[in-house]
Amino acid sequence: MAEQDSSQEKTEEPTARRLEKAREEGQVPRSKELGTTLVLVAGALGLLMLGPMMSERVGKMARHSFSFERDAAFDIGMMSSYLNAAVLEGAIALAPWLLLVLIAAFAGPLGVGGWLFSTKAITPKLDRLNPLSGLKRMFSMNSLVELIKAWAKVLVVGLVAWIVLGFFFQDAMAIQNQALRPALSQAISIILWSVLFLCLSTALIAIIDVPWQIYSFTKKMRMSMQEIKDEYKETEGKPEVKSKIKQLQREVAQRRMMADVPTADVVITNPTHYSVALKYQAGSMGAPIMVAKGTDQAAMKIREIAKEHNIPQMQAPPLARALYKHSRVGDEIPEGLYVAVAQVLAYIFQMDQFAKGRGPRPERKPDMPIPRDLRVDPDPQ
């Protein structure tokens, strides 16, 4: 019983199939802190780099919008054209900055989890309306981590703000002694740099949050040994089904092999166990090819088919065993057996010529030499 309980502990790393199914359901590691940091930093940098161009265009828009004749103020058509021009100029001024922020927003998910669109993630789930489930989520480890992150952001951003204010304090105090335009320019510069530093401070939280989210997701996806076994059965099939499929495949292959026996030139046999069918066409084949082989009942079937189609058969137990062991159906025979098989084919040809009255009867069967490394011992009786 203890072994059964321990096997249910989710201590194993998630399989590729488990991660794939989770992704299909919209479950991937996500770091909101990383996305927020990228958007904030991109926005702050955009303001620093594109600020002069944007302010120039906005100023031009303001001058054009408020520079009109008194009569134009009472002309609805004229005011509409001024409004359209102001909207277009404002859109052109803000477009580069908005595009930069949009790119940062899309780049956030790429950092952790990658882009993902899943309809299952937005499917309503009734269990989310369960008050008990809501309370469980409120007092979970994830909620505690989110609370710690919130306090950490407040502390980090507050500390950075205090450092930035101290750094720019003298410059800020000097603004009161400057003229209006330089004072405005200096104030905007201080504000933008301060915003950038404050946005960069959130990167400290993101650096910690990203590994935590990956670890938390991996831990959530962990599997028990039983789950891995069940998944293997589901993907690879149950053992009895796989065995049945392999049996059917063997039967199909055997039927196909038996259909090729009539094309053989000779069948070499061991009278009790082995049958090997060979085919050779001079000029088109580099070496004889095995078209069929079998043992016991399959061997008997090969001999029956050979007899039906008047294919010569020759008993040569050592050669039959060697060919069966070292050759595959559809492949050429091993080079070490060329001489022995050539002698068999020559003997069969001479017997055929003798039967047709075109030559003398062969004096004796060939020696059929078999190299020591290709010999196969007889099966024990």
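Which helices each supply at least two residues of the lining of the second largest pocket? They are α3 (32-65) and α7 (180-221), and the pocket gets its own section below.

## The model and its overall make-up

This is a predicted model, where local features need pLDDT of at least 70, side-chain atom pairs count only at pLDDT 80 or more, and totals for chains, interfaces and linings use all residues. Residues are numbered from 1 along each chain as its sequence is written, and side-chain values use heavy atoms, with hydrogens and water left out.

The chain comes to 12 helices and four strands. Here helices (H or I, at least four residues) and strands (E, at least two) are DSSP runs, numbered from the N terminus. Of its 381 residues, 28% count as buried; buried means under 20% relative accessible area, exposed over 50%, and partly exposed in between, with a 1.4 Å probe and protein chains only. As for contacts (heavy atoms within 4.5 Å), take those between residues at least 6 apart in sequence: 73% of them join residues at least 24 apart.

## The second largest pocket

Back to that pocket: its volume is about 370 Å³. On a 1 Å grid over the protein atoms alone, a pocket is an open set of points where a 1.4 Å probe fits, with protein on both sides within 12 Å along at least five of seven lines. Grid points are joined across faces, edges and corners, and the volume is the space filled by probe spheres set on the points.

Lining residues, those with an atom within 4 Å of a point, are L47, L48, G51, P52, S55, S185, I188, S189, L192 and W193. They split into six nonpolar, four polar and no charged. For that tally, Ala, Val, Leu, Ile, Met, Phe, Trp, Tyr, Cys and Pro count as nonpolar, Asp, Glu, Lys and Arg as charged, and the others, Gly among them, as polar.

## The sheet and its helices

The four strands of an open sheet run in the order β3-β2-β1-β4, with mixed pairing. At the edges sit β3 (289-295) and β4 (313-315), each pairing on one side only. From one strand to the next, the twist averages 20 degrees. Two strands pair if DSSP finds at least two bridges between them; β1 (residues 266-269) and β4 have three, in the parallel sense. T269 stands opposite Q315 in β4.

Two helices lie across strands of this sheet. Helix α12 (residues 338-355) lies across β1, β2 and β4, at about 120 degrees to β1. Axes are lines fitted to C-alpha atoms, for helices over the stretch in contact, and angles run from 0 to 180 degrees between N-to-C directions.

## A few residues up close

E89 belongs to helix α4 (residues 76-111). Is E89 buried or exposed? It counts as buried because its relative accessibility is 15%. Setting aside residues up to four places away in sequence, E89 touches R57, K60 and M61.

Over in helix α6 (residues 141-174) you'll find E146, partly exposed at 24% relative accessibility. Leaving aside neighbours within four places in sequence, E146 is in contact with K32 and Q213. E146 and D209 are 63 residues apart in sequence, with 9.7 Å between their C-alpha atoms. F169 is also in α6, and at 44% relative accessibility F169 counts as partly exposed. F169 and I190 are 21 residues apart along the chain, and their C-alpha atoms are separated by 9.6 Å.
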